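Please read the following report on how two protein chains meet in a model.

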Amino acid sequence: MAAAEQQPPAVDGGKALSALLGGIAQAAYYGKVDITEELLRGQLYPEAAPEEFRALRAKMGGLLQICSCSHVMYSALCVVSPVQAGSLAESQSNPNLEIFTHPPDAHCLVNVSLAITPKALQSIASADMDLNQLEAFLTAQTKKQGGITSDQAAVIAKFWKNHRVKIHESLVNQSCWDNVLKNMNWRVDLKSQSRHVDQINTPVAIVEMELGKYGQESEFLCLEFDEAKVSQMLKKLTEIEESMTALTQTT
Amino acid sequence: MAAGSVVLLTRALEALDVGGAADKINLIPQDFFAELFVDIKWKLGVAMSSDTCRSLKYPYVTVALKVADSSGQITNKCFEMTVPQFKNFFRQFKEMAAVLETV
């Protein structure tokens, strides 16, 4: 193979890998068909040979597929330093732990989802484990035959700590199939003219609400409230708030 | 905007000024056709579990806004809010009340 041409310097290793995952996700999950392999290679790994990059891309794509099997788009891959990766590789008892390093001396990608089964990771998300539950769960996994090491458990715990809220939010939104209030704007006008003389100089609130289902077109609702109607609304909203407080206190 | 109100409006405008009713309609701000808020009904629920997540456990409130259009017809507009969404909704109306008081 001929020597590599002079190319502009590659993006930092860890960032390149993140960007690659992002690119794969865009193409595979969000329908951006113009993100080709050649585009990704040129932008992120210009000094890599095409076949080499193809293999890397296929591997990453496969991993993302495993990660998204619970319909949640997140990466169960953690970026660690080469030293951490080395210690994980030495201490791990699971032959399936994969460490991807590209370029060779940059940050490494540790595939956590293969170290424990994808199902176990799915269990964590499905159960929305808190830190105590997670610790107990991971400890149990380390004691299993062919399970994870305590180093891997630490990596997984770190990942879950960072991603838990976002993942849960995503799951919450995915299970909402009715209209939601996507946006709300309002202003207060002063009625300067009216058929009814007594309405002159009465302030009125004009509220615009954007209603719609997630991922679908919105309906814009424009409502008019006078002071009395706003008071009425506040009274009802206070009732709701009291109910919510009562609910969170009992659970 | 209901078709009926356009007809009424056009007639009213024609009575005021012989020509140019179409132009005058374009000058009227969109919210002239705002609907009137009549009432709000609500229901508080907790989503416990779903096929993608066994432990959802999030409270949400479903509201039905009763609104009346310019012809007096009543419709219900329904939507859901999670706790943070509701808190924001509540806060906006409190701000509105404060502004209305000062105007």
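Between chain B and chain A there are 2 salt bridges, a salt bridge being a side-chain nitrogen of Lys or Arg within 4 Å of a carboxyl oxygen of Asp or Glu. D39(B) forms a salt bridge with K236(A), and the closest N and O atoms are 3.5 Å apart. This is a predicted model, in which local features need pLDDT of at least 70 and side-chain atom pairs count only at pLDDT 80 or more, while totals for chains, interfaces and linings use all residues. Residues are numbered from 1 along each chain as its sequence is written, chains are lettered from A and ligands numbered from 1 in the order in which they are written, and side-chain values use heavy atoms, with hydrogens and water left out.

Polar contacts come next. Between chain B and chain A, 13 residue pairs are in polar contact, both residues at pLDDT 80 or more. A polar contact is a pair of N or O atoms within 3.5 Å; within protein, one must be able to donate a hydrogen and the other to accept it, and residues adjacent in sequence count only if both atoms are side-chain atoms.

On the side of chain B that touches chain A, β1 (35-47), β2 (58-68), β3 (74-82) and α3 (83-102) each supply at least two residues. Helices (H or I, at least four residues) and strands (E, at least two) are DSSP runs, numbered from the N terminus. The largest share of that side, 14 residues, comes from α3(B). Its residues divide into 28 nonpolar, 6 polar and 9 charged. Here Ala, Val, Leu, Ile, Met, Phe, Trp, Tyr, Cys and Pro count as nonpolar, Asp, Glu, Lys and Arg as charged, and the others, Gly among them, as polar.

The contact (heavy atoms within 4.5 Å) takes 50 residues from chain A and 43 residues from chain B. About 4,500 Å² is buried between the two chains, and carbon and sulfur atoms give 72% of this area. Buried area is the accessible area (1.4 Å probe) that two parts lose on being put together, summed over both. In chain B, F37(B), F93(B) and L100(B) lose the most area to chain A, together 16% of what that side buries.

The table lists strand pairings; two strands pair if DSSP finds at least two bridges between them.

| Strands | Sense | Bridges |
|---|---|---|
| β6 (residues 219-226) of chain A and β1(B) | parallel | 2 bridges |
| β4 (residues 180-191) of chain A and β5(A) | antiparallel | 11 bridges |
| β5(A) and β6(A) | antiparallel | 8 bridges |

Within chain A, K191(A) has T202(A) in β5(A) as its bridge partner, and V204(A) stands opposite D226(A) in β6(A). The strands β5(A) and β6(A) form a hairpin with 6 residues between them, and G215(A) in the turn has a positive phi of about 80°. Strand β5 (residues 202-212) of chain A has 9 of its 11 residues buried, so it is largely enclosed by the rest of the structure. Buried means under 20% relative accessible area, exposed over 50%, partly exposed in between (1.4 Å probe, protein chains only).

Chain B has 3 helices and 3 strands, in the pattern α-α-β-β-β-α along the sequence. Of its 103 residues, 40% count as buried. S50(B), in the loop between β1 and β2 of chain B, is buried, with a relative accessible area of 11%. Not counting residues up to four places away in sequence, S50(B) touches S175(A) and L56(B).
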